[in-house]
Amino acid sequence: MWGNDPGVTPEMVQSGTELSESWINENVAVMHHGWGGRMNGPVDNPNSSCLSCHATAQVPMMSDFAFRADDPIDVKLRWFRNIKPDESFDPDTRPTDYSLQIPISINFFENSKRVSLSK
């Protein structure tokens, strides 16, 4: 997966539009597709894709990993932009190169500075 196929909806895929920014090996026995047939992992949210979820990696973490089911289509498509590793998903945040672990680690570190370890 090298992109999010911006603007492509599940309805478009059902009508014959092909995704052009990912490749799914159809020879794999168990398939895990995300929103609109995009690449996704076996335990990932079906309303997402690998890249749309990891694009939310930033400090502070502001947006959810995926949209809500009742969100309008223009809101859903916000998760399927092509965001570069050095771009943030939300304004006024710092990107973490698609890593979701880094923001969690930074948050733990910041919280540890507020906790007294002395008895």
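This is a predicted model: local features need pLDDT of at least 70, side-chain atom pairs count only at pLDDT 80 or more; totals for chains, interfaces and linings use all residues.

Modeller: The chain contains four helices and two strands, arranged along the sequence as α-α-β-α-β-α. Its C-alpha atoms fill a box of roughly 65 × 35 × 30 Å along the principal axes.

Colleague: What share of the chain is buried?

Modeller: Of the 119 residues, 33% are buried. A residue receives that label when its relative accessible area is under 20%. The chain exposes about 7,800 Å², and carbon and sulfur atoms supply 56% of that area.

Colleague: How many salt bridges does a search of the whole structure find?

Modeller: The search finds four. The chain has 10 positive and 16 negative side chains, and the centres of the two sets lie 11 Å apart.

Colleague: Why is the pair R68 and D71 called a salt bridge?

Modeller: The closest N and O atoms of R68 and D71 are 3.2 Å apart. The cut-off is 4 Å between a side-chain nitrogen of Lys or Arg and a carboxyl oxygen of Asp or Glu, so the pair qualifies.

Colleague: What makes R68 exposed or buried, and what of D71?

Modeller: R68 has 54% relative accessibility; the limit for exposed is over 50%, and therefore R68 counts as exposed. D71 has a relative accessible area of 10%, which is under 20%, so D71 is buried.

Colleague: How do you know that D90 and R78 form a salt bridge?

Modeller: Their closest N and O atoms are 2.2 Å apart, and this falls within the 4 Å limit, so the pair is counted. The pair links distant parts of the chain, twelve residues apart, with D90 and R78 both in the loop between α3 (73–76) and β2 (94–95).

Colleague: What makes E110 and K113 a salt bridge, and which labels do they carry?

Modeller: Their closest N and O atoms are 3.2 Å apart, within 4 Å, so the pair meets the criterion. E110, at 30%, lies between the two limits and is therefore partly exposed. K113, at 53%, is over 50% and so is exposed.

Colleague: Which residues do salt bridges with shared partners join into one network?

Modeller: That network consists of R68, D70 and D71.

Definitions and conventions:
Residues are numbered from 1 along each chain as its sequence is written. Side-chain values use heavy atoms; hydrogens and water are left out. Buried means under 20% relative accessible area, exposed over 50%, partly exposed in between (1.4 Å probe, protein chains only). Accessible areas come from the Shrake-Rupley method with a 1.4 Å probe; for residues, only the protein chains shown count as cover. Lys and Arg count as positive and Asp and Glu as negative; His and the chain ends are not counted. The place of a charge is taken as NZ of Lys, CZ of Arg, CG of Asp or CD of Glu.
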